[in-house]
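Dear colleague,

I am passing the structure below on to you, together with notes on what was found in it. Please read the notes with the model open beside them.

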Amino acid sequence: MALRVVGLLIRQEVSALARKPSTRMFSSSVRAMSNVLANSPNADFNKKIMDRYSRLKTDPNTIQATYVWIDGTGENLRTKTKILNKKPESPAEVPRWSYDGSSTYQALGGNSDTTLVPRAIYKDPTKFGENDIIVMCDTYKPDGNPCDTNHRCQMQKTMDKISNQEPWFGIEQEYTFLDFDARPLGWPAHGFPGPQGPYYCGVGADRVIARDIVETHGIACIYAGIDFAGTNAEVMPAQWEYQVGPSLGMKCADDIWISRYLLWRIAEDFGVIVTFDPKPMEGPWNGAGAHTNFSTRAMREDGGMKAIEAAIEKLSTKQEHHIRCYDPHGGKDNERRLVGRLETSSIKKFSWGVADRGVSVRIPRGVADAGKGYLEDRRPSSNCDPYAVCNAILETCCL
């Protein structure tokens, strides 16, 4: 019996050595797995302690409203919570609030009261009350003008002008999980996993990392009322994608911001960092984007391909403008990502094609076959402001 066991172990070792590098993947990091999240303070807390308090009965008319807004970076969110004594039926019934804009890169200390105006309401899966809500807000300076990073205000103005065209948006949000050493979660501390190939839509512990967080996030988004469409593991290990929409008008952009908030919030419970950086790892690793699907009523109707091609022609004339709008640093982030390889187009020139993932704007094969549908703008970075992206598309294609 002992000899058979030894023989089995030898065969397993020989088999492992004979595998190609691309299938060994994380084998070099197995010995170091005990160090994953070793430096994450949130991972050390006992999450079950909170269960004791989650079972307490509270007055359903006492509501925790978590206000969420974009800070002066244009890519990060801030939150704080207000107690309401009545369930609001619309954003207009949620009271405006203020905060210290000098602490969020949006005001000077001598005149820092910055105003939050509620714009959209979601159910809150992170709180215990049945009526607790998340409130998406936009922000206004002490003089009443929109903050510099308030691109929602401008998108709403554009939407009011072209609402009869019934624009729909769907956004494919990519992101990466990081450990507290700023390396992708589960990667070897010294070295790299096997090359890209087995990880996209993968299954198995040697191919997929942190599915627990991903699936928890999906359930939370559905509960919140986000038009959550699905999720999949992406090409680089520890990288994922989820999809939101298609949704009419402002909702897709609102949903993306709240879905990001929930992802950050849930990953916080797990002690894991989420980054929307469009190129978190240099080298032969795919970057992260926010591919934006767009259509108007004319595109979706029979013969809509003509409207799609007309929109693409308009987009082709404003490459530089769109690049500036497609990441929060005026195109600097996309310079690292849009390099003409690894499923990206070149940042320097506009291109389009059918079923081609190396172009600026792609027409999906199913759309080309049907002769109607939508276009996919593949240029927006993963850390883009969806209000700025959607507004740029609307202004170019619809006004």
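To begin with a side chain that you can look up at once: is Trp-187 buried or exposed? With a relative accessible area of 6%, Trp-187 is buried, where buried means under 20% relative accessible area, exposed means over 50%, and partly exposed lies in between, computed with a 1.4 Å probe on protein chains only.

Before going further, please note that this is a predicted model, in which local features need pLDDT of at least 70 and side-chain atom pairs count only at pLDDT 80 or more, while totals for chains, interfaces and linings use all residues. Residues are numbered from 1 along each chain as its sequence is written, and side-chain values use heavy atoms, with hydrogens and water left out.

Aromatic rings

A pair of aromatic rings is described by the distance of the centres and the angle of the planes. Rings of Phe, Tyr and Trp (for Trp, the six-membered ring) are paired here if their centres lie within 6.5 Å, and planes under 30 degrees apart count as stacked, over 60 as edge-to-face and the rest as tilted. The structure holds 11 aromatic pairs. One of them joins Trp-187 to Phe-192 in an edge-to-face arrangement, with 6.3 Å from centre to centre and 75° between the planes. Phe-192 is partly exposed, at 48% relative accessibility. Phe-192 also pairs with Trp-285, and because their planes lie at 25°, with the ring centres 6.3 Å apart, this pair is stacked. It links distant parts of the chain, since Phe-192 is in the loop between strand E6 (168-178) and helix H5 (211-224), whereas Trp-285 is in the loop between E9 and E10, 93 residues apart. Trp-285 is buried, its relative accessible area being 6%. Elsewhere, ring pairs connect Tyr-175, Phe-177, Phe-228, Tyr-242, Trp-264 and Phe-276 into a cluster.

Helices (H or I, at least four residues) and strands (E, at least two) are DSSP runs numbered from the N terminus, and two strands pair if DSSP finds at least two bridges between them. Five strands make up an open sheet with mixed pairing, in the order E2-E1-E5-E4-E3. Its edge strands, each of which pairs on one side only, are strand E2 (77-84) and strand E3 (97-100). On average, neighbouring strands of this sheet are turned by 40° against each other, direction ignored; axes are lines fitted to C-alpha atoms, for helices over the stretch in contact, and angles run from 0 to 180 degrees between N-to-C directions. Strand E1 (residues 63-70) pairs with strand E5 (residues 133-140) in the parallel sense over four bridges, and Tyr-67 has Val-135 in E5 as its bridge partner. Helix H6 (residues 251-270) packs on the sheet, where it touches E1, E2, strand E4 (113-123) and E5, and its direction makes about 115° with that of E5; contact here means heavy atoms within 4.5 Å.

Salt bridges

A salt bridge is counted when a side-chain nitrogen of Lys or Arg lies within 4 Å of a carboxyl oxygen of Asp or Glu, and by this rule there are 19 salt bridges. In helix H6, Asp-269 and Arg-265 are four residues apart, about one turn of the helix, and their side chains meet in a salt bridge at 2.9 Å, N to O. Asp-269 is partly exposed at 36%, whereas Arg-265, at 17% relative accessibility, counts as buried. Arg-336 and Asp-277 form another salt bridge, at 3.1 Å from N to O. That pair links distant parts of the chain, with Arg-336 in helix H10 (residues 332-337) and Asp-277 in the loop between strand E9 (273-275) and strand E10 (290-295), 59 residues apart. Both are partly exposed, Arg-336 at 29% and Asp-277 at 27%. Salt bridges that share partners also join Glu-166, Arg-297, Arg-300 and Glu-301 into one network.

Cysteines

How many disulfides does the count come to? With a disulfide taken as a pair of cysteine sulfur atoms within 2.5 Å, the count is zero. The closest cysteine sulfur to that of Cys-390 belongs to Cys-252 and is 5.8 Å away, which is too far for a bond. For Cys-397, the closest cysteine sulfur is in Cys-398, 6.0 Å away and likewise too far for a bond. Cys-390 is buried at 0% relative accessibility, and Cys-397 is buried at 9%.
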